[in-house]
Amino acid sequence: MFDLALKIALLGASLSMVGFLYRLIKGPSVPDRVVALDAIGINLIAFVALASIVMDTGAYLEAILLLGILSFIGTVAFAKFLEKGEIIEDDRNR
Amino acid sequence: MIAIVEILSALFLLMGVFLFLVSAFGIIRLPDVYTRNHAVSKSSTLGILFILIGTLLFFFHQHGHFDFRIVLAIIFIFMTSPVAGHLINRSAYHSGVKMWDQSVQDDLKKRR
């Protein structure tokens, strides 16, 4: 019964990944695509967790933390680039 | 006792995946970037929290130890994912993305 629930969970996560990819490709503005990329990063974390259940090993659980941190930093960098036009400012007197 | 933990873990996984499907439906169907971000940044955060709790319970009943890397991931995602959503929405507003044409209230318009 747990195997059936695991298969349903993998199928649902794949379907939601397809939805996020649709918005990533079609999205009319740049912030739409950034929202979709952030959601894809969160969805990849779910895939890593489900895959570590399938393989019955705890060796991949660092990848969850790494993906969370990298997706947050990428989103913050994109947001700052969209708002100010540069990510790391050269000017010191501001 | 062990069967109860296994059923709880399966239920948490299924609830998390249902919330992921809700957020994918929202990002396809909703009309502008603010409402899409509203759907995604809340429901997929709660979905990933449910999936990680399910994983935690599974490893607890399978190997008998409590994996604190998953607990750290839960705390980190719960703190950072709404902040990321807020930053995207703020940069979208300041870079001039239009709201939905039927929305009625724009409190930041005077301060732009």
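**A cavity between two chains**

Let's start inside: the largest cavity is lined by A:D38, A:I42, A:I45, A:G68, A:S71, A:F72, B:I77, B:T80, B:S81 and B:A84. The model is predicted, local features need pLDDT of at least 70 and side-chain atom pairs pLDDT 80 or more, while totals for chains, interfaces and linings use all residues. Residues count from 1 along each chain as its sequence is written, chains are lettered from A in the order in which they are written, and side-chain values use heavy atoms, without hydrogens and water.

A cavity here is a set of points on a 1 Å grid over the protein atoms alone where a 1.4 Å probe fits but cannot get out, and lining residues have an atom within 4 Å of a point. The volume, about 70 Å³ for the largest cavity, is the space filled by probe spheres set on the points, which are joined across faces, edges and corners. Two or more lining residues come from each of α2 (30–55) and α3 (61–84) of chain A and α3 (68–94) of chain B; helices are DSSP runs (H or I, at least four residues), numbered from the N terminus. The largest share, 4 residues, belongs to α3(B).

Now follow α3(B) to its partner. Its axis and that of α2 (residues 33–63) of chain B come within 10 Å and cross at roughly 175° (axes are lines fitted to C-alpha atoms over the stretch in contact, with angles from 0 to 180 degrees between N-to-C directions). So α2(B) is roughly antiparallel to α3(B), a label for angles over 145 degrees. The contact (heavy atoms within 4.5 Å) includes B:V33 and B:F59 of α2(B), and B:I77 and B:S81 of α3(B).

Conventions: 1 Å grid on protein atoms, 1.4 Å probe; cavity = no way out; pocket = protein on both sides within 12 Å on 5 of 7 lines; lining within 4 Å. Parallel < 35°, antiparallel > 145°, perpendicular 65-115°, else oblique.
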